[in-house]
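The following exercises concern one protein model. Please study the sequence and the structure before reading the solutions.

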Amino acid sequence: MNEINFYGTRNGMGLRRVQRGAAWAVAGHFTVSKEPAQIVLPTGSGKTAIMCLLPYLLRAERVLVVTPSRLLREQVSREFSELRALRNVGVIPAKVPSPSVAEVEHRLSSHREWQNLSEYDVVVGTPSVLSPAFNGVAPCPDDLFDLVLVDEAHHSAADTWATLLQQFASVRQALFTATPFRRDRVLLPGRTVYEYTLGAAIEEGIIEHVDFVPVRSAKGEEHDLSLARKAAQRLKDRRHKDAGSKLLVRTDRIEHAEQLVEVYRGQNIRLSLIHGELGASKVQEILGDLQEGVLDGVASVGVLGEGFDFPLIKIAVYHRGHKSLPATLQFVGRLTRHLPSPAPPAELLAVRRDIQAETRELYEEDVNWRELLPAISATAVAKERERREYFLKISEPDPIEGVAWAAVKPMCRVWVFQRPIRFNLHKPMSKSFAHRVVLDTGKKEDQIRAIITEKRRHPRWMSNSKLDTIEYSLYILVDVGGLLFVHGSDDRSVYELLSSLGISSPRRIEPEWMQRLLNGSGLESCFSVGMRSARAAGGTQASYKTIAGSSVEGAITTSESSSYALGHLFSRRLINGYDAGAFGASVSGAKIWNPHHLDLLDFRNWCIGMAETARVSANLDVPGVALPLPQTLSRYPAIPISAVFSDGLLRQGLFVKLHNGESVQLAVAELHVKRSSRKTCLLWLCSEGQELWEARINIHGQVAPISDELQVMRADNRPHSTLSRLLTVRPPTLFFADGSVAIGNQCFAPNGIIPQLRTADIECWDWRGVDIRSESKKCNPPYGLNIHEKIVSSLRENDPGSWIISDDGAGEMADIIWVRRRRDEVAVDLIHAKYSSSYKASKRLADLYEVVGQANRSTRWLQPKLFWGELHRRIKERRFTKIAYCRESRDEVARQVKLLGEEPLKTSWGISIVQPGLQMSGLDMWPGGRLLLVSCEEWVNQLGAKFRIVGS
């Protein structure tokens, strides 16, 4: 040690400033810490010399050196054996003997093979022969090494590397890398003790700067040929020719590399192919040919990215560029090795349009690589330092084994809510949350809280717990600018989480916020668009329509633009002319997402970015999408007509458990609505005319019970949610007399143009002899029929072989159900009738409100299995349900209805409104009535049923 001269004497050279700084920084670190030491140095700054020096400085007895590849293993072994770099500058005198070096080429399969290495001072190997993570590699004995040096340490977070290093946790470790950040964002072990920037290395003359040479293809010319022509041209440049510059061609597949060898041969350039499947001796042979001038360059499939030291390579060609910044910096480092003056320029050739990755900033127009490349490198290193400090701050003092917040990478998917004024992000969770909290960042960060929970899952078909599993869930809340971004597994669990934090009725973000976000997000080409018709659930046509394909925004028709609103979209984004990936948003669900997985720091910043995008964007239009967006509901229209459950609820087979222990299927229950103020409506859940539950819904879509709360159960009798929470998460659709529809906090208003009623849907009946003021009760003299009797008579005359079923009464499916059977299909009409308020036919809105509401609600029955099953139950059990006309007996009708429920036939549906007090002439001149009837007609038609109006 006393004979080592750190400043050197030979040729006036000595160690470089960066080498002295790194060596002393590592030595200083180990005087106060046992953490691994990270040393960040640009490629070409003399890293191997520092590694050779450290054992002397740290007075190590035996050193293990870990390299990522066989080629690098050989280079490092040779340098330790000769100490050439240190001897050439006078740091180590000739009289100091070189260390004995063992190069491990085969897996160490036993304790004895490890112990045999005790005869050497330095042991060099790759993880494939050293790491116990590989089959056939034995663990290393304790105390065999007292210093571990890791080359290209950005690999150290990988499982095989991490397993190797963990067995040396008590040993001093020095980790060297040019890029202390990974594309998968996993943190490297240890702490950065020394960092030397790329800019500083260029300024000091240690490495050369690199110029980007953009290549443009002639029209119709393959990019590979264009790049080969340009490479041949650059090799002929006088400076490259005089220096003997060599070529490095990079692609991502062996097959492509073989094709490129032929393409370059056509330009009189001699290449040989190097890839990971070649043996070390073959690689050395190729490099020898390169050195002797037999070859002009090499075509590489990634193997020359690290540790490759061949200073004459001054031109690199990207046929398939690296997608990540670390790999790009490693690759560019192959070109920066210093040559004696006059040195040729280091150049990277690429077609700018082929670069679609995180490195695209380097390839934009008018970019100066001499300034930008060092700046990007420094920024990336600084960001990695910020990430490390961030995760150290939020790390658990006693984390679950193998679980760290730095390893958590959620997909970018969030629900967006208005944050309550008094909300405390770090409030302890109540016991109402059904999941057990495993990890919680708690109060460690002001803007974000992350929670990992566990819940036992039991297979329904098992009678014991042998196959029970533990399911883990991740929840993240980000508080920014009065908004709350929430990540979770599904709607229900997100609302349960918020409830446990004191937000019992969360307010979804307003549609205008979503509109601003979409407008400012650089949407370019949609590949999926969802259109919400805001119509009743059920039927043979979905009330939510999705179109998918390339640029589907251009496939939206004029009629769809007038009858649908934007529900969701998936689109590509363009940022500064480059593809920024996919982006999705649900306007109705207040959700945004993209397919990227980010760590917690980047996830927080992504949410902040979304909030800022929406804040600064003022235009409410969504570019390129010819669909209106819903408006924020500021007040309820005056006259509600009906309320229906969301389509998603009806299809889940849910039940409502009553306080008397009985249950009612949600699909057969009815919702009734009444406006109580400008900002609230009353809701009633009814079944068979019995009121089961009452609640209040406000313009924010929040539902609060007035009567005692009811529990909603799954089909297997497991609890699902309370009814009020369920209707907050999946709000009902409210229909109003002015043609508008409200769903949650959103309003879908008519577009102002009232279409004409289709004449085929209008029928005028002769009501002479009918008491039009009596719907089903005994008619007044001198009339001979009430309205129902008139309907039955007309239907019977129309089709004597049909079934005519009266279901009149509270909770009816329809007043009259008309069934006509054919060979392999069946036609069903649900007929709703209402008595007239006057014996004189006219145009009275009051005569229409209730019957239109009934027609609206009955659309839920336009599902064959549900309809026939409920009709069978009513025929068998309900006293109000009667066979008004049929040639078969009641029992026979019930039997056939049951069969139709088990094996439904093709069904054509119809819904009819019968109002004898409605004067049919001049309907088109009656705006209020026409709007009400047209809206109902559209709702019914879009659900696959025919609509009919019968009047006078």
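**Exercise 1.** Which residues does Glu694 touch, not counting residues up to four places away in sequence?

*Solution.* This is a predicted model, in which local features need pLDDT of at least 70, side-chain atom pairs count only at pLDDT 80 or more, and totals for chains, interfaces and linings use all residues. Residues are numbered from 1 along each chain as its sequence is written, and side-chain values use heavy atoms, with hydrogens and water left out.

Step 1. With contact meaning heavy atoms within 4.5 Å, Glu694 touches Leu682, Leu683, Trp684, Pro705, Ile706 and Ser707.

Step 2. Glu694 lies in strand β31, residues 690-698 (strands are DSSP runs of E, at least two residues, and helices runs of H or I, at least four, numbered from the N terminus).

**Exercise 2.** Is Glu694 buried or exposed?

*Solution.* Glu694 has 19% relative accessibility and therefore counts as buried (under 20% relative accessible area; exposed is over 50%, partly exposed in between, with a 1.4 Å probe and protein chains only).

**Exercise 3.** What is the order of the strands in the open sheet of six strands?

*Solution.* Step 1. The order is β8-β13-β12-β9-β11-β10, with parallel pairing (two strands pair if DSSP finds at least two bridges between them).

Step 2. β8 (210-214) and β10 (271-274) are at the edges with a single partner strand each, so one side of each has no neighbour in the sheet.

Step 3. Within this sheet, the parallel strands β9 (residues 246-250) and β11 (residues 297-300) are joined by four bridges, and Leu248 stands opposite Val298 in β11.
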